[in-house]
Structure formats: C-alpha cells, structure tokens
Amino acid sequence: MTTTTTTLDTLDDAARSLLFTEARTANTFSDIPVSDDELRGIWDLARWSPSLANSQPLRVLFVRTQEGRERLVTHMSEGNQAKTLTAPAVAVLAYDAEFHEHFPTVFPERGQMYRDNFAGMPAEALEGLAKYSAAIQTGVFLLAVRAHGLAAGPMGGFDGPAIDAEFFPGTTWRTHLVVNIGHPGVDPWFDRLPRIAADDAVSWA
Ligand SMILES: Cc1cc2nc3c(=O)[nH]c(=O)nc-3n(C[C@H](O)[C@H](O)[C@H](O)COP(=O)(O)O)c2cc1C
C-alpha cells in the first residue's frame with residue numbers, strides 16, 4: 001500500500017494509431033517471418049491483462065510448423081483456410097474450463113477458498129466465467145500483437161471441438177478463437193467497415 005498518488009503516462013499519436021485507429025484485421029500475409037521471440041514477447045505483454053479475480057483462463061497454442069498448420073486448417077471453415085495456411089504464425093486461443101484449479105497460484109491469499117467456491121458452481125456458469133475473462137484477455141492479446149508491429153487476423157470460423165480433439169486431447173482447454181499473425185501481404189484488408197456511432201453505443205449518467 002502507498003500513501004501517494006501516481007500520474008500515468010499516455011500513448012503518443014503514433015502508438016494510438018498502431019494499436020487502434022489504423023490497425024486492421026489482416027487477410028493476407030507477406031513471407032517475412034515472425035520469430036519465436038516475437039511470439040514470446042506478445043505473450044509477455046498479453047499476460048498482464050485483467051481477469052476475474054486474476055484467474056487468467058486464457059491459454060495459447062502457437063502453431064509454427066507447416067505440419068501443425070495443415071492439421072489446424074482441416075478444422076477451419078473454408079473461407080479461413082488459405083489465410084491460415086499462409087500466415088507465418090497462428091495462435092489458437094483457448095480457455096481453461098478448470099481455470100479455478102490455479103487460484104492457489106494466481107491468488108495466493110484466497111486461493112483455496114476461491115478454488116472451492118468456483119468448483120461448487122454449475123459447469124455452465126463456470127464456463128461462462130472462463131469465456132468472459134478469456135475474451136477480455138484475448139482483446140489484450142490482439143493489442144499485444146499490434147504492439148509488436150504485426151497484424152492479427154482473428155477468426156471464429158472453425159470446428160472448436162475438432163481442434164480441441166486434435167491439439168488438446170485429455171485436457172480442459174477449449175478453443176474459442178484462432179488468430180493469424182504476421183506482416184500484411186498483398187491486398188491485405190477488406191474495405192474498412194463502419195464503426196457504430198458513439199451516440200448509439202455510449203450513454204452518460
Ligand atoms: C470473434 C471474431 C471472429 C471473427 N471471425 C472471422 C472469421 O471467421 N473469418 C474472417 O475472415 N474474419 C473474422 N473476423 C474478423 C472481423 O471480420 C474483423 O475483425 C472486423 O470486420 C473488423 O475489421 P478491421 O479490424 O479490419 O476493421 C473475426 C473477428 C472476431 C473478433
């Protein structure tokens with residue numbers, strides 16, 4: 001505990017543009033490689049995301065090899081296959097359906113209590129909490145990709161149970177998003193779609 005206040009820094013316009021206003025969802029990728037160090041760096045940023053009681057249910061599989069990519073692509077919807085095959089790196093993002101088992105590590109002061117409380121919840125409610133925090137962590141993961149000067153291509157079009165059976169058999173990891181990662185290729189963006197007006201999305205009290 002501190003008794004003084006802190007003033008936080010702000011991002012400059014270039015960083016805001018890289019992370020937000022100019023950032024796009026990539027559909028093609030150049031052959032510039034993405035290194036394992038860059039992927040480790042992405043996780044090193046993403047891991048600081050907030051999550052419910054610091055539960056951190058997000059799990060990541062980085063698919064690096066051609067063999068791994070081909071195994072993954074058979075479970076992607078047709079429109080997502082070509083870009084996943086050509087992306088230099090692909091992240092399969094999953095949530096751990098039994099994330100509460102880690103409370104003794106991630107919340108030492110109340111670990112046992114939280115583990116027991118969450119273990120007593122109906123499975124559906126527990127899964128909802130896992131998905132919710134993993135989705136928040138996923139947003140931070142996408143920003144971490146952008147912070148490395150890389151483009152992300154998130155995709156929800158795949159057969160999740162099939163990916164789980166392929167890559168996570170016998171575990172409690174459940175795939176919720178696949179993200180292509182790399183430098184943009186030729187004609188990488190669709191036309192930018194409109195964003196909802198602030199008046200329709202934001203209210204004040
Ligand atoms: C949860 C989620 C699922 C998505 N699924 C797909 C998909 O299956 N295939 C695809 O080509 N794009 C997919 N997208 C990409 C979106 O269409 C894209 O992010 C959106 O149109 C905004 O594009 P922009 O970032 O270039 O403005 C998905 C994005 C998210 C966040």
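User: Which residues is leucine 93 in contact with, leaving aside its neighbours within four places in sequence?

Analyst: Two residues are in contact if their C-beta atoms, placed from the backbone, lie within 7 Å. For leucine 93, with neighbours within four places in sequence left aside, the partners are Leu58, Val60, Thr138, Phe141, His176, Leu177 and Val179. This is a predicted model, in which local features need pLDDT of at least 70, side-chain atom pairs count only at pLDDT 80 or more, and totals for chains, interfaces and linings use all residues. Residues are numbered from 1 along each chain as its sequence is written.

User: How many residues of β2 are buried?

Analyst: A residue is buried if 20 or more other C-beta atoms lie within 10 Å of its own, exposed if 12 or fewer, and partly exposed in between, with C-beta atoms placed from the backbone. In β2, eight of eight residues are buried. One side carries Ala89, Ala91, Leu93 and Tyr95, the other Val90, Val92, Ala94 and Asp96, and both faces are covered.

User: Which residues have the most contacts inside the largest nonpolar core?

Analyst: In soluble globular proteins, nonpolar side chains tend to be buried together. A nonpolar core here is a set of buried Ala, Val, Leu, Ile, Met, Phe, Trp, Tyr and Cys residues joined through C-beta atoms within 7 Å. The largest has 35 residues, and those with the most contacts inside it are Val90, Val92, Leu93, Val145, Ala152, Val179 and Ile181. At least two residues each come from α2 (36-46), β1, β2, α7 (123-147), β3 and β4 (173-182). β2 gives the most, with seven residues.

User: In what order do the strands lie in the sheet?

Analyst: Helices (H or I, at least four residues) and strands (E, at least two) are DSSP runs, numbered from the N terminus; two strands pair if DSSP finds at least two bridges between them. Here four strands form an open, antiparallel sheet in the order β1-β2-β4-β3. β1 (58-63) and β3 (151-155) each have a single partner strand, so one side of each lacks a neighbour in the sheet.

User: How many bridges join β2 to β1, and how many join β2 to β4?

Analyst: β2 (residues 89-96) is joined to β1 by six bridges and to β4 by eight. Phenylalanine 62 has alanine 91 in β2 as its bridge partner, while aspartate 96 stands opposite tryptophan 173 in β4.
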